[in-house]
Amino acid sequence: MMKVFSDNRNKWLINKINQLIDSGTTKAEIARALEVKPQYLTPIMNGTRNVSEKFAFKFCEVFNINSNDLFPVRRKIPFYDINAEAGTIQLSSMDPVSEPGEWIDAGDWFRDADGAMRVHGDSMFPVYKSGSIVVMKEVQDKSLVIYGQDYVLQTSEYRAIKRIQKSKQKDFWLACSVNTETWEKGEMAGKLIHEPFEIPIDKVNKLFRVVGSVDRTESSRIVYNKKKTL
């Protein structure tokens with residue numbers, strides 16, 4: 001016998017789907033907007049498929065529905081113990097990370113966030129300080145990139161946080177820094193320390209839009225001074 005799930009999330013979503021259908025939106029149109037097959041919705045509407053939190057959030061986002069009544073509880077964001085370089089690109093471990101090291105309790109903020117990671121480097125200063133944490137939402141469709149917005153780009157070689165601008169080259173993005181510091185001396189004098197660079201779009205295997213950040217203005221550690229013995 002098939003188990004029937006009757007939690008509040010399922011009931012809420014079934015009710016919302018029925019409201020859309022009553023207003024003239026077909027089941028096929030709902031499925032297409034959610035990027036699933038119509039058959040996926042059938043067990044949900046029958047109460048035989050449990051609705052994940054991620055799917056419910058996507059439903060709210062796609063159909064512009066306030067999710068506060070669905071998720072009144074505080075939501076925790078997965079924090080991945082990896083760095084997004086915001087400086088000269090450095091070699092770092094690019095081993096796959098699938099499990100968060102910690103969870104950030106952000107209350108009602110960042111309900112659409114998929115994760116968070118720490119910034120390393122100063123190419124995006126003063127927008128993002130080295131050591132601060134950026135909160136991100138994964139971008140599934142690269143054609144929906146908004147130029148002038150900040151993204152975490154991941155390739156097989158590095159992970160970096162940059163402001164994406166349109167490139168003159170086809171199938172490339174221009175990855176820009178916001179730090180406008182220049183070299184003071186030598187043959188590089190007057191040139192940007194953090195030059196923009198072209199990146200082939202098809203080399204970006206993961207893309208996250210930065211939806212916010214968190215940083216500290218002072219240390220939480222206590223500094224002890226050793227007293228001199230006379």
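1. Helix 1 and helix 4 make a left-handed crossing (left-handed: the near helix is turned anticlockwise from the far one by less than a right angle; right-handed if clockwise). Keep in mind that this is a predicted model, with local features needing pLDDT of at least 70 and side-chain atom pairs pLDDT 80 or more, while totals for chains, interfaces and linings use all residues. Residues are numbered from 1 along each chain as its sequence is written, and side-chain values use heavy atoms, without hydrogens and water.

2. On the geometry of that pair: the axes of helix 1 (residues 8-22) and helix 4 (residues 53-62) come within 11 Å and cross at roughly 30°. Axes here are lines fitted to C-alpha atoms, for helices over the stretch in contact, with angles from 0 to 180 degrees between N-to-C directions; helices are DSSP runs of H or I, at least four residues, numbered from the N terminus. The two are therefore roughly parallel (angles under 35 degrees; over 145 is roughly antiparallel, 65 to 115 roughly perpendicular, the rest oblique).

3. As for who touches whom, R9, W12, L13, K16, I17 and L20 of helix 1 meet E53, F55, A56, F59 and C60 of helix 4 (contact: heavy atoms within 4.5 Å). By class that gives 8 nonpolar, no polar and 3 charged residues (nonpolar: Ala, Val, Leu, Ile, Met, Phe, Trp, Tyr, Cys and Pro; charged: Asp, Glu, Lys and Arg; polar: the others, Gly among them).

4. Now helix 3 (residues 38-46): its axis and that of helix 1 come within 9 Å and cross at roughly 120°, which makes helix 1 oblique to helix 3. This crossing is left-handed.

5. In that contact, L13, I14, I17, N18 and I21 from helix 1 meet L41, I44 and M45 from helix 3.
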